[in-house]
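Subject: Structure handover

Hello,

I am passing this structure on to you.

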Amino acid sequence: MDFAILGAALALTVLGILSIYSSGLTAEGVHVSNEYLKQIVWAVSGLVLLAIVSLVDYQRMKDYSFFIYLFFLAVILYVRFFGHEVNGAKSWIGLFGEFGIQPSEFMKIATILFLAQYLSNSEHLASFRRLLVSFAIILAPVLIIILQSDMGTALVFFPIFLFMAFIAGLDRRYIVFILAAIIGTSALTILPLWEQYILKTPTNFLFILYKAPYVAYMVAAAALILLLSAWGWFSFKKKYYFWIAYAALLVASSLAASAFAHKALKDYQIMRLIVFLDPSIDPRGSGWNILQSITAIGSGGVLGKGFLQGTQSHYRYLPQQSTDFIFSIIAEEWGFIGGFAVFALYYILLRRCSNLLKTAKDSYASYIVAGIMGMIFFHFMINAGMAMGIMPVTGIPLFFLSYGGASLWAIMIAVGLLLGISARRFRT
Amino acid sequence: MNRSSIPERFESSRGSAEGRIRVLSFLCLSLFAIYSTYLLYMQTIRGGEYRNKATKISQQSNVIPSQRGEIYDRSYSVPFVLNTDSFAIDLVPAALPAEMRESVFARLATLLDMPIEDIRKRIPPTYYHLYQPIQILGSAPYATVTSLAERIDEFPGISWHSKPVRNYLETGSLSHVLGYVGDITKDELKLMYNQGYKSGDVIGKAGIEKQYDMSLRGRDGREFRTVDVKGKNIESEQGIIDPPVMGSNIVLTIDDTIQKLAEKALGSRMGSAIVIRPATGEILAMVSYPWYNPNSFSGAGAGDEYARLLADKNNPLLNRAVQSSYPPASTFKAILTTGIIEEKAFPQDKKVLCPGDMSYGDRVFNCWTKRPGHGWLDLKGGLENSCDVYYWTVGRDFLGIERIVSYAKDFGFGKATGIDLPGELEGFVPTPQWKERRFHEKWLGGDTMNLSIGQGDLLVTPLQLADMMAMIVNDGVIYQPHVLKDIRDPSTGAVVQSVPPKEIARSRISRETFETVREDLRGVITEGTAKFPVNTKAVQVAGKTGTAEVGLKDHWHSWFAAFGPYDAADPKDKVVVVVMVEASNPWEWWAPYATNIIFQGMFASQSYDQAVDTLGLRYLVPKQGRVE
């Protein structure tokens with residue numbers, strides 16, 4: 001049993017409940033929210049879940065992982081059409097009345113389990129084939145979640161995939177390709193707004209990368225180069241043909257995916273993606289949250305303003321303070337000491353994960369660990385980065401700390417899996 | 001440690017696996033280091049700057065609402081829609097202490113004269129912690145606000161802002177053209193978010209208010225106040241103002257006098273009346289009865305009134321001039337006449353015998369007169385007497401279904417005119433292919449006969465029928481009908497945008513054909529079916545009657561489509577009038593009479609009552625004020 005993991009998880013959860021309690025107070029000291037009580041209920045039930053999951057032998061989950069994956073796919077598909085809507089994203093099931101639940105959080109765990117099963121069963125297969133099937137496994141939930149217009153949650157699947165594929169030893173060229181395609185797609189997606197708001201003087205050539213007919217031409221041109229060089233590669237077996245084809249495919253897929261993103265994303269969502277580059281372009285709209293969060297964090301100083309003494313939060317300048325911007329409250333009230341403690345606890349978690357990667361008894365276990373590690377890494381990087389104004393606003397919660405039952409349950413299950421894997425590492 | 005159970009491949013790649021794990025560990029360490037360093041930088045080196053910002057000042061913004069544009073008649077002198085001062089009452093729920101909530105709600109209910117349940121509905125418990133102002137009442141008069149202001153200490157969290165309400169002046173039958181406004185719904189917001197609409201906006205829901213919402217609404221301004229952390233104004237700081245842009249005024253093509261004349265001429269009969277200037281497409285009058293009062297949609301009880309109108313089986317919310325379609329009946333013979341002449345399908349002077357009925361297949365088709373019928377008739381006589389037997393014979397055996405359909409479409413049937421009013425219907429032109437597809441039945445000669453007299457499945461809106469007449473008047477051109485004349489700057493009155501005539505149809509039918517058709521239509525008034533009802537001496541009218549069977553015994557849709565003056569050389573001087581009275585009314589064959597009154601009033605510059613007296617129609621209509 002890895003007590004460092006359990007300890008870090010418990011410490012973060014308690015810190016989360018305290019901060020949610022603080023976020024529910026007004027400047028006059030009046031309670032306006034009982035979210036902290038609900039969070040306690042979630043935390044206690046989450047710990048029970050954690051215990052159960054850690055007791056179940058993960059090897060036995062291997063047989064069910066496909067059905068778990070299918071079940072959650074069906075659930076998120078169901079909410080796509082019948083779900084409630086919260087903050088513009090349609091992904092809440094009306095479970096337990098007030099305790100709404102976001103099943104896409106569990107989809108992440110289900111995907112990790114199933115992808116780990118596939119990767120460990122396919123080790124004798126060719127790297128390329130494993131890549132395609134793995135990618136298909138994450139793409140199904142990603143597409144459904146994008147349809148729910150929940151951008152942030154959809155994005156999490158990519159680092160999960162990258163971490164797992166990397167540890168599974170898939171050819172590095174493929175992993176770099178996917179990483180580059182994601183970066184290329186993001187850049188092309190924010191390009192038109194970047195041109196409009198940050199550059200301010202539109203260039204007269206960049207439009208070919210995002211205006212309707214031109215993108216299709218560009219994709220077609222890249223596809224043509226791809227075909228020619230693929231033909232060249234098969235005919236002459238020269239290495240550089242492979243790299244030309246590689247680059248052409250990268251360009252074509254980034255262009256096509258960004259065109260899809262422009263269709264699927266609403267302008268305000270893209271705006272949220274870009275304001276972190278310069279919050280002052282929209283100080284009273286999308287940039288407001290970021291400016292308030294930065295002010296809250298910065299004004300906390302080294303020692304903080306003291307528990308329940310934050311001004312930005314209690315005068316309600318800080319939006320969504322119990323969920324997306326929970327870190328801002330911690331950093332405002334507990335200062336650098338508190339913020340650093342959160343970072344350190346997260347680092348301990350991730351560090352213990354990489355230890356587990358080494359000691360896990362079998363490849364299936366290590367792939368699960370890699371997926372969970374990717375998930376925690378990405379959530380932490382995006383949410384804490386967003387609060388500090390160096391990452392885009394995507395609505396990804398900070399595990400353990402953010403108010404919300406589903407994300408807390410999901411991470412408790414994940415920690416349960418880690419503990420179970422750790423406890424069984426010496427089993428014969 | 002026993003590693004025998006570990007798959008071989010995993011084992012063999014152990015060496016590089018170690019390396020990969022090191023890469024991930026390094027990634028985590030870098031993130032931790034970078035974030036910690038950046039956090040330290042924010043909270044120490046730049047900390048003072050942020051502390052200043054947080055403790056001293058913050059900016060708040062207040063919306064300064066823009067004023068919605070006004071709507072006028074074509075002379076820009078008769079206002080149809082203005083704005084009245086009114087106030088919205090808001091509550092910031094979190095500023096209202098829990099123990100005072102019930103008593104404040106009760107006092108508010110009395111003062112605002114609204115049920116306390118409504119207040120509770122507006123401020124549900126889930127809102128109690130919110131700091132945004134929530135609107136409790138959208139339209140409170142000035143007096144209420146002053147009494148609130150006097151006792152503001154008793155109402156913590158209450159504030160108000162100016163929110164002018166739409167005031168529809170004595171608009172009567174113009175309600176469908178003008179439309180009405182309401183709060184934006186969630187679904188509308190989803191569709192229009194990217195056009196700058198936001199939650200809480202008032203938007204046009206129907207008619208001109210909806211069609212030209214973007215021009216009418218203007219843009220809200222904002223005032224930025226610099227306040228301390230508790231919300232107090234910092235005096236030394238000047239508020240930056242982003243001034244509101246006032247909505248543009250809209251001038252309609254509607255002529256108030258003609259509108260009132262047409263409204264009274266139609267009276268309280270379900271149906272519609274349209275007056276249009278064919279040379280430009282300008283709508284001078286558009287009446288649809290029954291109508292509604294757009295003012296009833298604002299203020300208390302608005303929802304109930306709307307529900308009542310929706311449930312009304314006479315459908316008062318429907319603009320029958322463009323949102324209802326009917327069989328055009330005999331008015332369609334004007335198109336058949338055009339086709340027969342242009343195609344030389346049947347010699348104009350060759351005669352057909354009407355014995356009052358004719359047999360086809362196993363059915364007997366009855367002309368509208370009983371035996372012995374109309375006798376021998378040529379084309380002109382057929383149109384003047386609206387003889388069904390003539391058009392059945394020539395339509396079925398000489399012109400043929402293909403050409404009938406093609407001419408109907410030439411005249412714009414089956415296609416929306418594109419008038420600048422929302423919700424226009426397209427109407428319908430049946431074809432053999434359609435019947436085959438829809439019913440798997442062959443098109444028969446009897447179907448062609450039905451279509452030849454404008455019955456069967458043919459459906460047109462009154463506006464499309466007006467366009468049919470416009471095409472005959474314009475020698476084959478239809479200009480898009482429109483109700484917007486121009487958009488004007490609200491302060492200077494300068495024209496910002498005007499609507500030039502726009503061609504929507506141009507046929508290759510010859511000038512001579514149209515000349516003959518006009519002559520024959522004039523014959524309908526001088527010799528034919530409309531000789532007695534259209535007796536005005538003020539103007540030479542030409543037109544066509546129509547009486548549509550809709551399956552009700554002794555009740556028919558009554559049509560009259562006309563233009564005048566027949567003898568005016570310049571098409572610009574001519575107007576087209578279409579009146580449609582639905583079969584659901586008590587039967588009285590009113591459409592030609594109404595048209596007669598409209599022409600008399602327009603060309604003799606008489607009021608409705610004067611026109612009725614001059615025409616000697618007083619025995620048909622009792623003296624009345626404004627019809628209700």
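Confidence

The model is predicted. The predictor assigns the complex an ipTM of 0.90 and a pTM of 0.57. Chain B has a mean pLDDT of 85, with 90% of its residues at 70 or more. Over residues 1-15 of chain B, however, the pLDDT is below 50, and this stretch has 13 contacts in the model beyond near neighbours in sequence. Where pLDDT is low, the predicted coordinates should not be read in detail.

Strand β4 of chain B

Strand β4(B) covers residues 87-91, and four of these five residues are buried, so the strand is largely enclosed by the rest of the structure. β4(B) pairs with two strands that I would point out. With β5(B), residues 134-140, the pairing is antiparallel and runs over four bridges. With β6(B), residues 158-162, the pairing is also antiparallel, over five bridges. B:Phe87 takes part on both sides: its counterpart in β5(B) is B:Ala140, and in β6(B) it faces B:Ser162.

The five-strand sheet

Further along chain B there is an open sheet of five strands, in the order β14-β13-β25-β24-β23, paired antiparallel. Its edges are β14 (282-289) and β23 (542-549) of chain B; each has a single partner strand, so one side of each is left without a neighbour in the sheet. Neighbouring strands of this sheet are turned by 5° against each other on average, direction ignored. Within the sheet, β24(B) (residues 556-564) and β25(B) (residues 575-581) run antiparallel and are joined by seven bridges. One of the bridge pairs there is B:Ser558 with B:Val581.

What lies across the strands β13, β23, β24 and β25 of chain B? It is helix α22(B), residues 591-603, which runs at about 145° to β25(B).

α22(B) also meets helix α23(B), residues 608-615; the two axes come within 9 Å and cross at roughly 110°. On the α22(B) side the contact involves B:Asn596, B:Ile597, B:Gln600 and B:Gly601, and on the α23(B) side B:Tyr608, B:Ala611, B:Val612, B:Thr614 and B:Leu615. By class, this contact has five nonpolar, four polar and no charged residues.

Regards

Terms used. Residues numbered from 1 in each chain as written. Chains lettered and ligands numbered in written order. Predicted model: local features only at pLDDT ≥ 70, side-chain atom pairs only at ≥ 80, totals over all residues. Buried ≥ 20, exposed ≤ 12 C-beta atoms within 10 Å, placed from the backbone. Pairing = 2+ DSSP bridges. Axes fitted to C-alpha atoms, helices over the stretch in contact; angles between N-to-C directions. Contact = placed C-beta atoms within 7 Å. Nonpolar A, V, L, I, M, F, W, Y, C, P; charged D, E, K, R; others polar. pLDDT = per-residue confidence, 0-100.
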